[in-house]
Amino acid sequence: MITAGVISGWVSAIDPRVWQAVLAGLFVAVGWIVNGAQNRREATRLRREQREDVQRALVAEIKHYLDVLEGEDLNAAWEAMQPRIEKGYVPFLPTEDNDMVFQSVLPTIHILPKTVIDPVVKYYSQLKAIDAQIADSRLDAFVTGTDEDSRRRREISYFQYLQMKQRAKTYAVQALREMGVAPGINSPGLAHSGQ
C-alpha cells in the first residue's frame, strides 16, 4: 500500500528543475487551450458578422427588385401588349441587371444557412432565366419574322416573360422570409393568358 510518506519521498526525490519544467509545460498547455478557445470564439463572431453582412446586402438587393416588381401591373402589361403583338408589333424587353450584390457575394455564399441559400439561389436563377428570355427576344429571327408563327412566338414569349417576372416576385418573397424579413406585397399582379 502506498502511503503519504512514500509519495512525499518520491516527489522530493525529483530534481526541482524537472518540476519547474513540468509546471512551465502545464502553463504553456493551458495557455494554448485558452488561446485556442478565444480564437474559436473570435472566428465564430467574425463568421456571424460576415453572414449578417452578406444577408443584409442580399435582402437590400432583393427588396429593391421586389419594389420594382410591385410597381408593375403584369396583368395590365399583358392586356395592353397582347393586341399589339397580334397586329405585328415586336415588344422590346429592356435589359435588367438585378444581381450585382449576389455576384459579389457568391464566393462566400456558403456562410449562409442552407435554408437561406436554397431560396436565394432559386430567386437569382429565375433572374438569370429572365435575362435569357430578354436576350432571346432580341434574336434576329424573333424580331424580323412577319408570318403568323413569328407573331405567335412573340406573343408566347412575352407572356412567358411576364410569368417569369411573377415567379421572380414569388421567389423574392420566399427568400426574404427565409432571411427573416416579412415583405409587404400589395397585389400579386399575375399575368393571365386567354390561351
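Biologist: What should I know before reading the values?

Modeller: Residues are numbered from 1 along each chain as its sequence is written. In this predicted model local features need pLDDT of at least 70, side-chain atom pairs count only at pLDDT 80 or more, and totals for chains, interfaces and linings use all residues, while side-chain values use heavy atoms, with hydrogens and water left out.

Biologist: How do you know how many helices the chain has?

Modeller: Helices are DSSP runs of H or I with at least four residues, and strands are runs of E with at least two, numbered from the N terminus. By that count the chain has 7 helices and 0 strands.

Biologist: What makes V116 and Y123 of helix 5 buried?

Modeller: Buried means under 20% relative accessible area, exposed over 50% and partly exposed in between, with a 1.4 Å probe and protein chains only. V116 and Y123 are among the buried residues of helix 5. Helix 2 (16-70) is one of the elements covering the buried residues there, where contact means heavy atoms within 4.5 Å.

Biologist: Why is helix 2 called oblique to helix 5?

Modeller: Axes are lines fitted to C-alpha atoms, for helices over the stretch in contact, with angles from 0 to 180 degrees between N-to-C directions. These two axes come within 12 Å and cross at roughly 40°. Under 35 degrees counts as roughly parallel, over 145 as roughly antiparallel, 65 to 115 as roughly perpendicular and the rest as oblique. Helix 2 is therefore oblique to helix 5.

Biologist: Which residues of helix 2 meet helix 5?

Modeller: Q55, L58, E61, I62 and Y65 do, and their partners in helix 5 include V120 and L127.
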